[in-house]
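Welcome, and please load the model in your viewer. We will stop at one residue, step back to the whole chain, and then visit a domain interface.

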Amino acid sequence: MRTEAAALRRAVLAGGHDPADAVLHTGAGRSRSERAAGWAVVQDAGALAVAGIGGGLDAALNPGDVVVATEVRADPSVAEPRPATITLPAAAMVASALRRQGLTVRTGPVVSTERLAHGPTRDRLAATGALTVDLESAWLLGGSAGPAGRPAACVRVVADTGALFQPGTLSQMRTALATLPAVAAGLHEWAAATTVRRVVLAAPRSFCAGVERAILVVERALELHGPPVYVRKQIVHNTHVVADLSARGAVFVDDVEDIPQGAVAVFSAHGVSPTVRSAAAARELSTIDATCPLVTKVHAEARRFSDHGDTILLIGHAGHEETDGVVGEAPGRIRLVQDVRDAEQVRVDDPRRVSYLVQTTLAVDDVTDILTVLRDRFPDLAAPPSDDICYATTNRQRAVHEVAAACDTMIVVGSANSSNSRRLVEVAERAGTPARLVDGAAGIDLRWLAGARTVGVSAGASAPPALVDEVVGALSGLGARTVEEHTAVREDVRFMLPKEVRL
Ligand code: SF4
């Protein structure tokens with residue numbers, strides 16, 4: 001309607017946005033939409049967004065709520081030729097942009113009909129899972145003006161939530177129209193990010209052998225013992241992995257004291273101190289140790305250096321579960337060194353008996369700087385027999401370093417508490433490329449991508465590969481036409497499962 005176009009146009013002008021962000025009034029209904037889809041200005045547009053008001057199909061929607069379409073389809077009962085169903089992979093990012101405008105946003109399918117839908121028609125369309133119904137989107141996006149490789153978006157503000165032409169419908173309509181300017185502001189962010197043309201995937205990325213093993217340990221424990229299986233701390237530092245295993249019956253706790261006497265308990269990939277093992281034994285827990293073997297190696301080195309009478313300088317981050325576990329092997333002998341400043345100030349009992357260990361997931365460059373200081377201060381500093389920073393950390397950092405330089409920006413998939421994921425962001429930034437950590441596509445702020453043509457993508461060792469696919473799919477929705485992979489090194493590491501869960 002003209003009122004919808006006017007509300008959007010006012011916001012575009014008031015925002016001082018690019019006048020090329022044209023707002024076109026198409027008119028309501030199938031035939032007007034089909035005609036508009038053929039306009040040269042629509043056909044030639046570099047990116048196309050359909051925005052307006054719609055009818056809410058989901059009972060939880062309220063007037064003024066916004067639906068960002070993940071898919072636009074025609075009501076199966078409309079006359080042939082029916083427009084194709086199209087998917088809109090950038091929906092999660094558009095939704096995030098609109099939430100930043102203070103809007104209440106859902107993502108889901110939008111359906112178009114030929115006539116105003118009410119009564120049983122609404123019930124039938126609601127049963128298909130569609131969130132809103134309108135008269136235009138499918139013909140504007142699914143027909144000849146369809147995305148065809150160009151970025152597209154569809155946003156509908158809920159005007160009415162039930163039967164049409166009831167008392168209050170006009171006021172609901174006004175609420176919806178008043179929401180459209182904020183929609184325009186969000187869509188401007190989307191438009192500015194539709195410059196992405198190329199995605200470069202850093203390899204290796206995502207799950208390492210230790211994380212795969214730890215997840216499999218919990219899955220096998222659930223199979224063998226049935227839920228609940230208790231897991232001390234997050235099995236790996238990823239919110240999606242933890243949510244998925246929780247849904248399957250794993251119960252994550254902070255402390256063994258939170259686990260019922262005699263229950264099945266898994267220790268996370270980050271390892272535990274001897275004190276935790278004793279507490280578990282005291283509660284007669286049936287324990288399965290999912291500690292990564294490369295973390296176990298660091299524990300063994302701590303015991304060996306301690307037996308030798310060394311002061312052990314543990315290069316790592318305070319409060320991380322891995323460092324807590326290693327410190328617990330020799331609490332009186334281990335000093336934590338977090339940065340170069342700590343390295344300059346740390347005190348030892350006997351400078352001739354000093355050794356060092358490293359948290360497995362640190363940045364190689366940071367550790368090199370710290371070790372330079374420590375070696376200068378303690379010439380007899382003893383090193384572990386092999387690098388503590390694990391192969392997965394090293395390889396992922398190397399790949400990001402090689403990819404970042406060729407990209408305008410980097411997206412690293414991983415949770416905020418994942419040490420190795422955060423280090424990947426730092427590695428990219430050190431290479432001079434802005435980088436962001438996201439838990440999934442919805443975490444991408446479109447403003448980061450404004451004007452970017454080449455986007456690098458990596459993922460921390462605890463981030464599932466499916467999340468990388470989701471991010472790449474979302475970037476394709478911004479116009480990325482090529483997805484390349486840069487392989488810095490090939491990995492074939494596998495770890496054996498603990499005997500308790502071997503089949
Ligand atoms: Fe093991 Fe390294 Fe993976 Fe951590 S990042 S689980 S130490 S392989």
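Start by selecting Q397: this residue is buried, with a relative accessible area of 6% (buried means under 20% relative accessible area, exposed over 50%, partly exposed in between, with a 1.4 Å probe and protein chains only). Keep in mind that this is a predicted model, in which local features need pLDDT of at least 70 and side-chain atom pairs count only at pLDDT 80 or more, while totals for chains, interfaces and linings use all residues. Residues are numbered from 1 along each chain as its sequence is written, and side-chain values use heavy atoms, with hydrogens and water left out.

Now colour helix α15, residues 391-404, where Q397 sits (helices are DSSP runs of H or I with at least four residues, strands are runs of E with at least two, and numbering goes from the N terminus). Which residues does Q397 touch, leaving aside those up to four places away in sequence? Select T361, L362, A363, V364, R423, L424 and V427 to show them (contact means heavy atoms within 4.5 Å).

Zoom out next. The chain has 17 helices and 18 strands, and its C-alpha atoms fill a box of roughly 85 × 50 × 40 Å along the principal axes. Of its 503 residues, 53% count as buried.

Colour by domain: domain 1 covers 2-192, domain 2 covers 198-205 + 394-487, domain 3 covers 210-290 and domain 4 covers 294-377 (the bounds come from an automatic or database domain assignment).

Stay with domain 1 and domain 2, whose centres, taken over C-alpha atoms, are 30 Å apart. Here 13 residues of domain 1 are in contact with 16 residues of domain 2. The area buried between the two is about 1100 Å², with 64% from carbon and sulfur atoms (buried area is the accessible area, 1.4 Å probe, that two parts lose on being put together, summed over both). Select P89, M93 and R100, the residues of domain 1 that lose the most area to domain 2, together 45% of what that side buries.

Finally, show α4 (91-100) and α7 (169-192), each of which supplies at least two residues of the side of domain 1 that touches domain 2. The largest share of that side, 6 residues, comes from α4.
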